Amino acid sequence: MVVDVDLKPIKIKGLDNKRPLIIAGPCSAESEEQVLSTAREISAMGVSIFRAGIWKPRTRPNAFEGVGSLGLPWLQAVKKETGMLISTEVANVKHVNEALKHDLDIIWIGARTSANPFAVQEIADALKGVKIPVFVKNPVNPDVDLWIGAIERINQAGIDQIAAIHRGFSSYEKSIYRNAPHWQVPIELRRRIPELPIITDPSHICGSRDLIYDISQKAMDLNFDGLIIETHINPDKAWSDAKQQLTPAALKKVLDRLIMRESDINEDMMLTLAELRDNIDKLDDKLINLIEERMKEVDKIGRYKKENNITILQNKRWDDMLRSRLILGERKGLSEDFINKIFRAIHQESINKQTQIMNED
Ligand code: PEP
Ligand code: MN
């Protein structure tokens with residue numbers, strides 16, 4: 001079923017038919033100086049939308065929960081000085097009213113709020129009669145209907161400039177990502193509301209800055225419309241999400257490296273390919289977790305050998321091990337050469353690890 005949502009093309013400076021739409025700025029506004037110095041650098045590289053969290057939803061109490069309304073004039077100063085549009089997250093009616101009072105150009109609804117229909121409805125009611133673009137982040141759980149429901153609530157309040165933000169989904173399973181991307185969810189959203197722009201949030205998907213380029217490129221390869229990337233003048237000193245924020249210079253590198261491919265494959269092919277690739281990504285993720293687990297056992301063996309003065313390499317054990325892996329591999333249709341290479345590499349890494357342990361004081 002394709003959803004009937006009444007949307008107008010988003011008329012935001014920077015998106016006029018131009019992919020990708022880039023939104024950048026710190027996770028949180030911390031001080032006027034931090035906000036302005038970040039904004040100056042990212043504006044100079046041509047980014048036209050600034051983000052900064054004013055009210056921060058934190059998992060545990062007593063963490064930094066945002067500077068609150070006192071930071072809103074700092075965002076106005078960004079607009080005045082750089083001409084960038086300014087955006088922030090709203091989670092309740094008070095936030096909406098404060099944001100409107102301070103001329104925010106765009107507001108977004110965060111992942112924890114999108115998961116709560118009561119909260120979204122209250123925000124929607126507060127937006128009746130207001131003309132402002134609203135970005136709706138996916139709910140924390142991978143439920144496309146809940147995401148669509150939040151979009152519909154905002155749309156039915158009369159907001160017709162809406163974009164979705166894909167920021168990944170939390171899960172119990174350990175993964176290299178802070179929030180697993182589950183690409184099939186935004187792809188399904190695209191199928192259900194084809195005219196809705198989808199912006200990817202690599203920062204909250206990745207949780208660490210080294211993965212940001214790959215997720216950004218993947219989003220572009222899947223034909224999504226934009227990227228929202230947390231950028232901070234001094235990321236290591238950030239008061240929230242320090243590990244995932246980029247410096248303005250690093251943001252520039254990511255953006256310069258992006259390859260924009262013209263997509264001539266149809267949506268069905270794209271969906272199938274994305275699902276298959278997603279499966280591969282998940283399996284590789286599991287593979288890495290398994291290798292990590294294996295190395296923890298190696299660590300225990302290494303310590304045991306050290307305590308008991310046993311040599312690291314026990315030739316018979318290694319011969320037996322390789323032979324049994326080759327037999328198992330053959331049964332599964334995996335070539336001898338392949339199994340040989342994998343287990344020699346794993347074994348070598350295990351020996352290196354044990355050598356390290358032996359050499360520790
Ligand atoms: C954010 O964008 O800073 C944020 C809190 O994101 P999310 O709602 O995706 O967790
Ligand atoms: Mn953040």
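Analyst: A polar contact is a pair of N or O atoms within 3.5 Å. The model is predicted, so local features need pLDDT of at least 70 and side-chain atom pairs count only at pLDDT 80 or more, while totals for chains, interfaces and linings use all residues. Residues are numbered from 1 along each chain, and ligands are numbered from 1 in the order in which they are written.

User: What makes the pair of Glu230 and ligand 1 a polar contact?

Analyst: A polar side-chain atom of Glu230 is 3.4 Å from an oxygen atom of ligand 1, and the cut-off is 3.5 Å, so the pair qualifies. Arg112 has such an atom 2.8 Å from a ligand 1 oxygen, and for His204 the distance is 3.4 Å.

User: Which residues are donors to the manganese ion (ligand 2), and why are they called donors?

Analyst: The ion is coordinated by Cys27 (SG), His204 (NE2), Glu230 (OE) and Asp241 (OD) at 2.1 to 2.4 Å. Donors are N, O and S atoms within 2.8 Å of the metal (3.2 Å for Na, K and Ca), so these atoms count.

User: Why is the pair His204 and Glu230 said to tie parts together?

Analyst: His204 lies in helix 8 (residues 202-206) and Glu230 in strand 8 (residues 226-230), so the pair links parts 26 residues apart in sequence. Helices are DSSP runs (H or I) of at least four residues, and strands (E) of at least two.

Notes
Heavy atoms only, no water. Polar contact = N/O pair within 3.5 Å; in protein donor to acceptor, adjacent residues only side chain to side chain.
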